[in-house]
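Visitor: I have a structure to look through and have not seen it before. Could you take me through it?
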Amino acid sequence: MSVAGELDSVDSSPGFPNQFSDPSERTLTPEEMEKLKNDRVLMSEFKQLKLETEAQKNWDLFYKRNTTNFFKDRHWTTREFDELKNCREQNALYCTEQCLAFQCDLTKDDLPATIQADTVDVATLIFVLSAIHPDKMQQALENIFKVLKQGGIVLFRDYGLYDHAMLRFKSGNKLGDNFYVRQDGTRSFFFSREYLASLFQQIGVETPVNEYVLRETVNKKEGLCVPRVFLQSKFRKPVPSQPPR
């Protein structure tokens, strides 16, 4: 399980607690390297198929148990993504009859059936893609690409390679490379910069930003300090160049 909701952060930099961006991945300790090296046993194909079949049910139960308590609003999204600042102010043209909230499965539902193609300015993928099976990530991104307008941007933040949550998984919880299952049946993937970039490059988007965000989460009472690693990125749908006149 992620410890983000259990530990308190200590501020060490203006604007955000104990955080800095780094183009390179986190350096592991010898003990951590040995742990990952020895964790080679994958869950059986039968059990993995069952997890995929029950994925929606497991996430529904997760949110039923935790409601809004697990993911607390710390208002970091507008600090990290300038593109979202205007979204916090109520637009004078806002009309409930024209604003549509709906639920969909990005891996199989056709987004253009609900949202007009090439019309979306900003799409956010904040701790979304890590919950999708790696075999279906490409399909989900292609779905989003269809509704994104030219010049539209995808804002991404998710678990990064060698995050503390990844190193906490015990033997038997591994589903594949950087892919694990929690005790409640929900799954999580941990991204490297290279892997994420390759996913988006295959759908033909530009990559203005793609960096690791390194943090230390501290629990003073327990005397714990654990390294958190996230990947924060921006991807833009290209605008076709105009032919010379």
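Visitor: Is Lys149 buried, partly exposed or exposed, and what is its relative accessible area?
Guide: Lys149 is partly exposed, with a relative accessible area of 28%. Buried means under 20% relative accessible area, exposed over 50%, and partly exposed in between, with a 1.4 Å probe and protein chains only. This is a predicted model, where local features need pLDDT of at least 70 and side-chain atom pairs count only at pLDDT 80 or more, while totals for chains, interfaces and linings use all residues. Residues are numbered from 1 along each chain as its sequence is written, and side-chain values use heavy atoms, with hydrogens and water left out.

Visitor: Which residue does Lys149 form a salt bridge with?
Guide: Asp121, with the closest N and O atoms 3.0 Å apart. Lys149 lies in strand β4 (residues 148-159) and Asp121 in strand β3, so the pair ties together parts that are 28 residues apart in sequence. A salt bridge is a side-chain nitrogen of Lys or Arg within 4 Å of a carboxyl oxygen of Asp or Glu. Strands (E, at least two residues) and helices (H or I, at least four) are DSSP runs, numbered from the N terminus.

Visitor: How many salt bridges are there in the whole structure?
Guide: A search finds 11. One of them joins Arg65 and Asp184, at 3.2 Å from N to O. Arg65 is in helix α3 (residues 55-66) and Asp184 in the loop between β6 and β7 (187-189), so this pair links parts that are 119 residues apart in sequence.

Visitor: Which residues are linked with Lys50 in a network?
Guide: Glu54 and Lys57, through salt bridges. Between Lys50 and Glu54 the closest N and O atoms are 3.0 Å apart.

Visitor: New topic. Where is His133?
Guide: His133 sits in the loop between β3 (120-126) and α5 (134-147). At 18% relative accessibility, His133 counts as buried.

Visitor: What is His133 in contact with, leaving aside neighbours within four places in sequence?
Guide: Glu52, Phe179 and Arg187, where contact means heavy atoms within 4.5 Å. A polar atom of the His133 side chain also lies 3.0 Å from the backbone nitrogen of Asp135.

Visitor: Where does pLDDT stay under 50?
Guide: Over residues 1-16. pLDDT is the predictor's confidence in each residue, from 0 to 100. Where pLDDT is low, the predicted coordinates should not be read in detail.

Visitor: What is the mean pLDDT of the protein chain?
Guide: The mean is 85, and 86% of the residues reach 70 or more.

Terms used. Polar contact = N/O pair within 3.5 Å; in protein donor to acceptor, adjacent residues only side chain to side chain.
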